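I opened my notebook today to look a few things up and jot down what turned up. Here is how the entries went.

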Amino acid sequence: MSNNLQRYKNQNDPSVLNPRTTSYEFFGPIGALVIIFTVPIIIYSLHFGCSEETGGCPPVGWLSALTEISQVLSTRGWWETLVQRLWDAEVMKYYSSWYLFCVIAWAILPGATIEGKPLRNGEVKKYTANAFSTFLLALGIVCGYISRFGPGSFTFLYEKWVGFVTASIIMAFLQAFIVYLMSFRKGALLALGGNTGNPIYDASIGTTKSSFFPSFILSFPSFFIGRELNPSIGSFDIKSFNELRPSMILWALIDISMACEQAVRRGGWENVTNSMWLVLIGHIGYITDALYNEPALFTTMDIISDGFGYMLSIGVLSWIPFTFSLQARYLVFNQLELGWFASTGIFLLNATGYWIFRDSNNEKNNFRNGRNPKNLKYMRSSSGSKLITSGWWGLSRHPNYMYVNRLPTLSLINSSYFFPSTQPPTNLTVYRGDLFMALSWSLPTGFQTPITYFYLLYFSILLIHRQIRDDEHCAKKYGDDWEKYKRMVPYRIFPYVY
């Protein structure tokens with residue numbers, strides 16, 4: 001009885017339920033501010049640094065182009081020139097309509113009701129898993145439209161690329177700002193990493209409106225990382241909705257639009273290059289898997305412990321669709337026809353990566369749910385955790401309750417599977433499969449430019465950074481058991497290499 005009473009008090013005491021964050025991530029307000037403005041610049045740079053509009057990939061005479069940009073920025077009225085180049089009111093309507101379509105599809109399409117993990121306040125959120133149904137509906141509409149009106153009717157995503165990027169960035173900023181304001185309502189459950197405890201920021205809670213905006217300016221970490229854990233409007237969970245629907249599905253539609261543009265230029269679908277088909281098969285297969293397995297999302301750290309702020313909104317709404325589709329966009333204006341040997345090799349590389357990813361996930365899911373059909377070996381830590389030492393998870397170590405998912409949106413944004421202490425740790429096996437797939441998406445673009453290998457490069461950096469960070473976490477969590485496990489599974493990522 002006393003335990004239940006104490007639990008009730010804790011759940012209703014703001015200081016217990018929403019403790020102050022005692023440390024900053026990403027170098028605090030300055031680092032958050034830098035990242036807030038740097039990410040859009042990178043997304044735009046990948047377009048202007050690799051497009052036929054600017055003269056190549058990278059553009060011919062790119063040094064002189066940088067000089068020209070600096071001259072424009074030094075003149076009066078540069079802001080109007082920049083807005084005219086980046087903003088497209090018509091495209092903003094298109095993008096808003098697309099987002100509204102995703103919301104309506106979420107509301108009306110059938111889907112399984114999935115219960116999430118219990119939250120700190122005892123609440124168990126319920127989610128509607130119909131992202132795959134939304135994907136099929138969108139594909140059906142788009143394919144029917146293209147079939148009726150021809151590939152030339154669906155090239156506008158290529159033609160108005162910059163406008164769509166701008167629209168997505170505006171939507172990301174707008175959502176991050178709105179959910180930040182929402183987090184100040186009474187009873188909001190805050191993310192443990194997003195309640196920074198900045199003195200001026202603290203003073204804004206319950207103060208007048210005039211004191212809010214200065215505190216907001218000084219609270220970039222909360223705006224950036226996300227102050228509220230699960231911002232919702234009724235049953236509409238903003239964070240889980242954004243994770244897959246408007247981002248991953250748009251990525252697939254962008255790829256289709258790139259193929260349509262190439263089909264128009266080459267005189268029909270039969271003339272689309274095999275390199276473009278390889279990219280589409282890899283990308284859309286990856287997207288389909290993520291959407292079909294949507295229920296797995298609700299056990300990730302993104303949903304369970306990370307707040308929803310600018311970091312996640314810009315990652316899912318802008319970074320995923322407009323940087324991950326780089327290879328398909330490149331192949332529109334640099335059309336490569338690969339030989340059968342190269343095509344087969346690339347296809348098999350992608351298939352191998354997917355097999356590693358899916359088979360290792362099955363091992364993990366079976367073990368987590370109390371099944372062990374492969375008779376995997378494991379060691380038990382002093383805390384009761386089971387650390388797998390065979391199978392895919394024994395080839396390289398990463399014993400942690402976190403595991404980075406298939407949707408790395410930024411080097412700063414990690415979707416991570418959560419495991420209670422009684423469940424098995426994970427390693428970077430799935431990452432190895434992802435690296436194989438990432439390489440297979442870049443190889444169809446050839447070797448004329450390193451820019452189309454951007455995803456592979458940044459993902460590799462993310463991987464090493466995550467491995468170092470998680471190793472430090474594991475050493476603290478498992479203590480001497482961690483050292484014992486390292487001796488049993490000595491390789492960090494690649495067996496016999498690293």
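**Entry 1: helix H22.** I began near the end of the chain, keeping in mind that this is a predicted model. I asked myself which residues of helix H22 (residues 480-488) are buried. They turned out to be Asp 481, Trp 482 and Tyr 485. These residues span an arc of only 100° around the axis, so they sit on the same side of H22. On the face turned away from the buried side of H22, I found the exposed residues Asp 480 and Arg 487. I then looked up what covers the buried residues of H22, and the cover includes strand E5 (378-380), strand E6 (386-388), helix H19 (392-395) and helix H21 (454-478).

**Entry 2: the whole chain.** I stepped back for an overview. I noted 22 helices and eight strands in the chain. Of its 498 residues, 53% count as buried. I also checked contacts between residues at least 6 apart in sequence, and 81% of these join residues at least 24 apart.

**Entry 3: H6 against H13.** Next I picked a helix pair. The axes of helix H6 (residues 89-108) and helix H13 (residues 238-266) come within 11 Å and cross at roughly 125°. The two helices are therefore oblique to each other. The crossing of H6 and H13 is right-handed. From H6, the contact draws on Tyr 95, Trp 98, Tyr 99, Cys 102, Val 103 and Trp 106. From H13, I listed Phe 241, Asn 242, Arg 245, Pro 246, Ile 249, Leu 250 and Leu 253. Sorting the residues of this contact of H6 with H13 gave me eleven nonpolar, one polar and one charged.

**Entry 4: H7 against H14.** I took up a second pair. Here the axes of helix H7 (residues 131-149) and helix H14 (residues 274-292) come within 7 Å, with a crossing angle of roughly 140°. H7 and H14 are therefore oblique to each other. H7 brings Ala 131, Phe 132 and Phe 135 to the contact, while H14 brings Ile 284, Ile 287, Thr 288, Leu 291 and Tyr 292. I sorted the residues of the contact of H7 with H14 into seven nonpolar, one polar and no charged.

**Entry 5: two buried residues.** Leaving aside neighbours within four places in sequence, I found Thr 273 in contact with Gln 262, Arg 266, Gln 335, Leu 336 and Glu 337. I then turned to Ala 438, which is in helix H20 (residues 429-442). Ala 438 is at 0% relative accessibility and so counts as buried. Not counting residues up to four places away in sequence, Ala 438 touches Tyr 455 and Leu 456. I also checked Tyr 453, 15 residues from Ala 438 along the chain, and their C-alpha atoms are separated by 8.5 Å.

**Entry 6: backbone notes.** The peptide bond from Cys 57 to Pro 58 is cis, with omega near 0°. Pro 58 lies in the loop between helix H3 (28-48) and helix H4 (62-73). Asn 375 has a phi near 50°, a positive value in a residue other than glycine. I placed Asn 375 in the loop between helix H18 (340-368) and E5. At 62% relative accessibility, Asn 375 counts as exposed.

Conventions
Residues numbered from 1 in each chain as written. Predicted model: local features only at pLDDT ≥ 70, side-chain atom pairs only at ≥ 80, totals over all residues. Heavy atoms only, no water. Axes fitted to C-alpha atoms, helices over the stretch in contact; angles between N-to-C directions. Helix = DSSP H or I, 4+ residues; strand = E, 2+ residues; numbered from the N terminus. Parallel < 35°, antiparallel > 145°, perpendicular 65-115°, else oblique. Left-handed = near helix turned anticlockwise from the far one by under 90°. Contact = heavy atoms within 4.5 Å. Nonpolar A, V, L, I, M, F, W, Y, C, P; charged D, E, K, R; others polar. Buried < 20%, exposed > 50% of the residue type's maximum accessible area, 1.4 Å probe, protein only. Arc of directions from axis to C-beta.
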